[in-house]
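Biologist: I've got some questions about how this one is put together. Can you walk me through it?

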Amino acid sequence: MAEAHQAVAFQFTITPEGIDVQLSHQALAEVYRSGVRSWKKRLARMKNTVLTGVYPASPSSWLFVVTATLATMYMGSSDPSMGLIRKIQEHLPTSGSPSGQSQAVLSAVLFSTLLWLLLIHAMRLCLRMLLSYHGWMFQQHGKMSVTTKVWSVLVCLLSSRQPLLYSYQASLPHLPVPAVKDTVRRYLESVRPIMRDEEFDHITLLAAQFLDGLGKRLQWYLKLKALWAGNYVSDWWEEYVYLRSRTPIMVNSNYYGMDFLYVTPSSLQAARAGNAVTAFLLYRRKLNREEIKPSRIPGTVIPLCSAQWERMFNSARIPGEKTDTLQHCQDSDHVAVYHRGRYFRLPVYRAGRPLSPREIECQMQRILENQSPPSPGEEKLGALTAGSRVPWAQVRKQFFSSGVNKRSLDCIEKAAFFVTLDDDEQGMKGDDPTGNLDRYAKSLLHGKCYDRWFDKSISLVVYKNGKTGLNAEHSWADAPTVAHLWEYVLATDAFQLGYNEEGHCKGNVDPGLPPPQRLLWDIPPECQEVVTRSLAEAQALACDVSFHVFPFRDFGKRLIKRHKTSPDAFVQLVLQLAYYRIRGTFCLTYEASMTRLFREGRTETVRSCSAESSKFVKALEDGEGPELCRRLFQLAAEKHQNLYRLAMTGSGIDRHLFCLYVVSQYLGIESPFLSKVLSEPWRLSTSQTSVQQVELFDLVNHPEYISLGGGFGPVADDGYGVSYNFSGEDMINFHISSKQSCAQSDSHKFGDQIKQALLDLRDLLSEDDRTKKPASKKDI
């Protein structure tokens, strides 16, 4: 218990002579340094708040306005304020006041400040109006109208000052509420290929009744909310889709990210953990200082919303019987570590400074070498976060609300992030690379169902052979935000921090570094019974999930772009073709798009199965001529791109209908149309996660440093979850999930169909190139 006493600043005992107080100078010094570090962060936040609050202007511009006003007053013949400075001077207090000259200067300064704030507001309003223009997105690639050129120059001028992470937040436009008739029209258009005639006639009738009656009333309430809220979708989406779900978040909600595919920077588990934890903390420091560059639309200056970064670290999902909540702490000086059934608290600061990578490695090695057994009920305690939410909420309230259990639980939930030192070995290498990748994905998604803390916003997993991975809780942010962090961690680990020749981390070690602290628990038998039931539920869910992960190396986006086709549209049409071949029909298809062009934007659905895509697939499968198939392919790809643009610019279908449904539930009114729409299953749920920080990876000189990206579980019991990303120019990675309990779905068979569809579409488009190729002299 020596390590526990180091956290106590003083002790006292009561003796016949009185109270004997014993101070721990080391503990008091740590408390002092912690306070200093906290105040430094507060001052930095205050500074960033000022810089962000005046953007797109700068604080120094205030001095320019004041100087210009005073110079005009005393050097010019006219009053620049048109009498306002004199009015301000008249209302200044006169008792004990300075001279009239000083009052005039003070009045001029006050006027200049008001003018400066007004100019900031005007600039911000202009920038918001400019960012509300999305016509550039719908123009043909390479052809820019005069309007768009002028707009682009104005955006560049107003955003020329180097922004902080949150500088654009106040200038982003609000998500618009589409016209309800337009949303319903687009919905009917999207379901036509997957419905029989009688089904489509029925839903058309319900839609007409909705538009003529309830739709107008619900739309009015939604527009009222849009005027009041920063985003009319995001808070309801977070609450009703994520936090109010009572089913397990493991598999159903959480998602994962993978390590490098071909290389492992160090095979030492503790060393890899040391560098990875350091990289996380470096990213957190950049985040606290707002030094992370705001994300933008690739190839443009158009900023994206950065609100999702706010709860990345020091956050956890707290279970409730009716709804969960998100807990976020401003700061945390430790990480929580799990190894062989024991939980540890690992401080990441020492004497006011962050631990070096080598020091964190030594601390991790101490945990690995710790032979103490788990306390009763401790080993599988994490299963509570993997099972249904209601039992976890009840147990938390009953057994974790006070005493040692509360202190240990607080240590986990308030940690910067969670780390699992896994005893398994994962990765592609071995006798069965394909099967190894599948097992790697399953391990990252659910592990043993008790060796992850699925409620933490971020959980780092470090395997015995040095491979790493990441598991993320979904309610606080979407995959691109977590992917941005993971790209930085991988690049910093491999290229910036590095390892010595023996594979150890670099840096010095303080010999007086105290060991990590074991967390203590008192888990009664009643609680252990709930843990056992939650574990059984989670294991059944985990065993039912089937994964197939594979890199497709025959070609990538280089070849696709050569055919003047969007890589994303190409892959979506591949998925439609593969699904049709394996099922003989089409299905409702979900592709995640983002709405971060707007304040607090999150996601929107692109309904990838369209009339154009189904016509193309049927023509190809019916053996129609190549020329017709290519023409239909281009129409389908263009349609998909248009749907994606509509989703990004606030004219999607599903979030609008979802919010209308929420309003109807608040009003206590049932809508047959909305109930039907929201009950339709997404049998094909897809998502692309693009590499956002290309500059971090030199794939020309180091092509082996590529990641497979990440994936998620299936959304429908009889459907597929498909995640894909483009690695470099010549590789596409796929993560396919399904449920083994469904006889109709098979991840490996679907993967085989995807590979064949990729080759078939390549051949179709390449044949067009051969027919267009001019004849050479030899041919003549």
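Biologist: Which residues in H19 and H20 meet?

Modeller: Keep in mind that this is a predicted model. From H19 you have Leu-573, Gln-576, Leu-577, Tyr-580 and Arg-581, and they meet Ser-613, Val-617, Lys-618, Leu-620 and Glu-621 in H20. By class, that contact has five nonpolar, two polar and three charged residues.

Biologist: Why are H19 and H20 called oblique to each other?

Modeller: Helix H19 (residues 567-583) and helix H20 (residues 611-621) pack at an angle of about 55°. Roughly parallel needs under 35 degrees, and roughly perpendicular runs from 65 to 115. The pair is therefore oblique. Their axes lie 10 Å apart, and H19 passes H20 in a right-handed crossing.

Biologist: What makes the 58 residues a nonpolar core?

Modeller: Members have to be buried residues of the listed nonpolar types, joined through side-chain atoms within 4.5 Å. In this largest nonpolar core, Tyr-187, Phe-210 and Phe-673 touch the most other members. Helix H22 (residues 654-667) gives the most to this core, with six residues. Another core lies apart from it, with 53 residues, including Tyr-255 and Phe-697.

Biologist: Which residues does Phe-673 touch?

Modeller: Leaving out residues up to four places away in sequence, Phe-673 touches Val-184, Tyr-187, Ile-203, Leu-206, Ala-207, Phe-210 and Leu-657.

Biologist: What makes residues of H10 count as buried?

Modeller: The cut-off is under 20% relative accessible area. In helix H10 (residues 234-243), the buried residues are Ser-234, Trp-236, Trp-237, Glu-238, Tyr-242 and Leu-243. Their cover includes helix H9, strands S4, S5, S15 and S16, and H22.

Note on methods
Residues numbered from 1 in each chain as written. Predicted model: local features only at pLDDT ≥ 70, side-chain atom pairs only at ≥ 80, totals over all residues. Heavy atoms only, no water. Buried < 20%, exposed > 50% of the residue type's maximum accessible area, 1.4 Å probe, protein only. Helix = DSSP H or I, 4+ residues; strand = E, 2+ residues; numbered from the N terminus. Contact = heavy atoms within 4.5 Å. Axes fitted to C-alpha atoms, helices over the stretch in contact; angles between N-to-C directions. Parallel < 35°, antiparallel > 145°, perpendicular 65-115°, else oblique. Left-handed = near helix turned anticlockwise from the far one by under 90°. Nonpolar A, V, L, I, M, F, W, Y, C, P; charged D, E, K, R; others polar.
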